[in-house]
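Hi everyone, thanks for coming.

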Amino acid sequence: MAYWLDMDSFNGILKELSADNVVYAPVKMTGKGAFSGTDLVAYREISGVEQIEFKEKSRFSPKEIVFPITQTLLYFTEEEYAVPGTGEKGIIVFCRPCDVNAFKRLDEIFLRNGGRVDSYYRELREKVRFFVIECAESFDSCFCVSMGTNRADGYDVFIRAAGGGFLCDVRGDLATLFEKFGGPAEMSLRFIEENKTKVSIPESVDQSVFGHGIWREYASRCIACGRCTVSCPTCSCFTMQDIFYEDNPNRGERRRVWASCMIDGFTAMAGGHGFREDHGDRMRFKLMHKISDFRKRFGYNMCVGCGRCDDVCPEYISFARAINRVDALMKEAVENV
Amino acid sequence: MLDINTKKLMKNAYRITKHRGITALRVRVLGGGLDAGYLDVIKAIAERFGNGKVHITTRQGFEIPGIPMEKIPGVNRLLAPVIQGLEVEMGVGIADVNGGYPAAGTRNVSACIGNSVCPFANFNTTELAGKIEKLIYPNDFHVKIAVTGCPNDCIKAHMQDIGVIGLVLPVYDPGRCMGCGACVKNCRKVASGALEMVNYKVRRDHRRCLGCGECVLKCPTSAWTRGDQYYRLVIMGRTGKKNPRLARTFLEWVNEGAVLKVIGNMYGYIEKYIDRSLPKEHVGYIVDRTGLPVFSQEVLQGIELGSLGRAAGFIPFGGYTY
């Protein structure tokens, strides 16, 4: 069912929902960009629809809502431990179609990978309901169409911000609430059907590309800062940290904290060894995971083509172009056989 | 018969050159930035009245040499749009835009390019240069002021009587920190080593922090973000034949209001203590005579240092004497 709501009505809905839910959305924070005089668009808890940034792409993805950058898994004393709760409230996430698709990929990693379920992830993930923000137009770096992630399913509400109000397609039990605040309307869902950036995914990638010079080139360009991976909606690597409180080292907590294959230390081993010291090797490993290795296990590609990695790279390395370059290398290899 | 009042000529921002009867005009370029259209005026003056050459000064102005002294009124009329656009429209009180510059003692306020372009800059240097110019110009006292966006000090604020350096207070959200250590390593390498890892999170020692904002720039997760804008004021740096030296920190972690008030107060201090037996006295030498406590007492009148602000009680200026 579709409904039309003005801003006040929409806020009425948010107010009612906030009783039992925490609502997250992309928010533009003035002056919080890294460079002075710039803003940061990232996910924050909101109380009103006017706080939502509908126009710009968020620098960070909504993955941090269910996979926090720092998450305490348990508190311990010498004798016992306790697992912190995640509260009673549900979670509502305003995000774009590519990000909904990214959650599906996170689900594979945390819930269906190797036969084990990550209970910490599941506890938060089960609370999530999506309010999908319709993409009016593609951003320059987006390549969702190439990745097949331009459409989203599995949402509760699909929103088009238009004419000072909101046209919403509502599914499931929320329809009653929207009916109370909004008026009936007609809505046909629109998705991005073409991006400026297009990528061609190689059918298979083998080790023949490993020795190619492009990785030496990336080694000379990449500074291993990890911005691509922390802004990625599907990167899900983490490390564990045991903290002993400074004023009482007999107590502490175990935390899960994001890790990145691009950052020093990711493959560190005893004796100072590391598998991928070279930045080009790290780039290759990341690319392979996004467009090949994940697919081998789950049947589809990990990358959702949101283009955030390209937006945030301080060295202007385009991941989309890297995919196309690898595709060209593989095609070349096939022709040369 | 050439009869020139050299005092008036110099006050009008012209100079006595080695060539008799020939002068040079110094054009102020506030904060070193101007609309390209003004270059047409500079070009026209140089070609119509000067010798076709323009010298770019160390204070970011233009010096137009080879102007016959009797042409000064014509040059001033041609210069009017520059004075109108770069001074009057910035709020500087100049009554007659057709009469050239009303004073030359207080020099052009220079500035680095600031945050309109530079990723390191912590604020808009051009805007602050404008506020300072409005406060202190026209004035005959010999004062040099520069504004720089961050402690890299590209404008050489340390060579000025007053150097204003932009700082930012970094704000840390430990929950957003993934412990990559980029900020800690970078601070140690390029700044002051004010950061250390404690329990996989970062601890900042404010006493060692320069406020450069490098940690914010290096943070991949925006665990470090920009907090309030502050300034460091370095004072009494100079070149010259007597005791050249770098400026030293007088105030740090103060706000814009304090910066402007100190600069304004300094002119009152000069008025009170300048040695009038000399043709001119540079403010640094006045401070050498009165001592820092007298300077501080005058310039800190009515100043709110704020919760982070600090003022130096003693400054070992150093430098060297010939």
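First, what counts as a pocket: on a 1 Å grid over the protein atoms alone, it's an open set of points where a 1.4 Å probe fits, with protein on both sides within 12 Å along at least five of seven lines, and lining residues have an atom within 4 Å of a point. Volume is the space filled by probe spheres set on the points, which are joined across faces, edges and corners.

This is a predicted model, where local features need pLDDT of at least 70 and side-chain atom pairs 80 or more, while totals for chains, interfaces and linings use all residues. Residues are numbered from 1 along each chain as its sequence is written, chains are lettered from A in the order written, and side-chain values use heavy atoms, without hydrogens and water.

So, the largest pocket: its volume is about 1,200 Å³. It has 41 lining residues, with Cys225(A), Arg227(A), Val312(A), Pro314(A) and Leu217(B) nearest the centre. α5(B) gives the most to that lining, four residues.

What about the second largest pocket? That one holds about 920 Å³. Its lining has 38 residues, and Thr58(B), Arg59(B), Arg107(B), His142(B) and Lys144(B) are the closest to its centre. And where does it lie? Domain 1 (6–99) and domain 2 (110–162 + 233–311) of chain B both give residues to the lining, so this second largest pocket lies between them; those bounds come from an automatic or database domain assignment.

Definitions and conventions:
Helix = DSSP H or I, 4+ residues; strand = E, 2+ residues; numbered from the N terminus.
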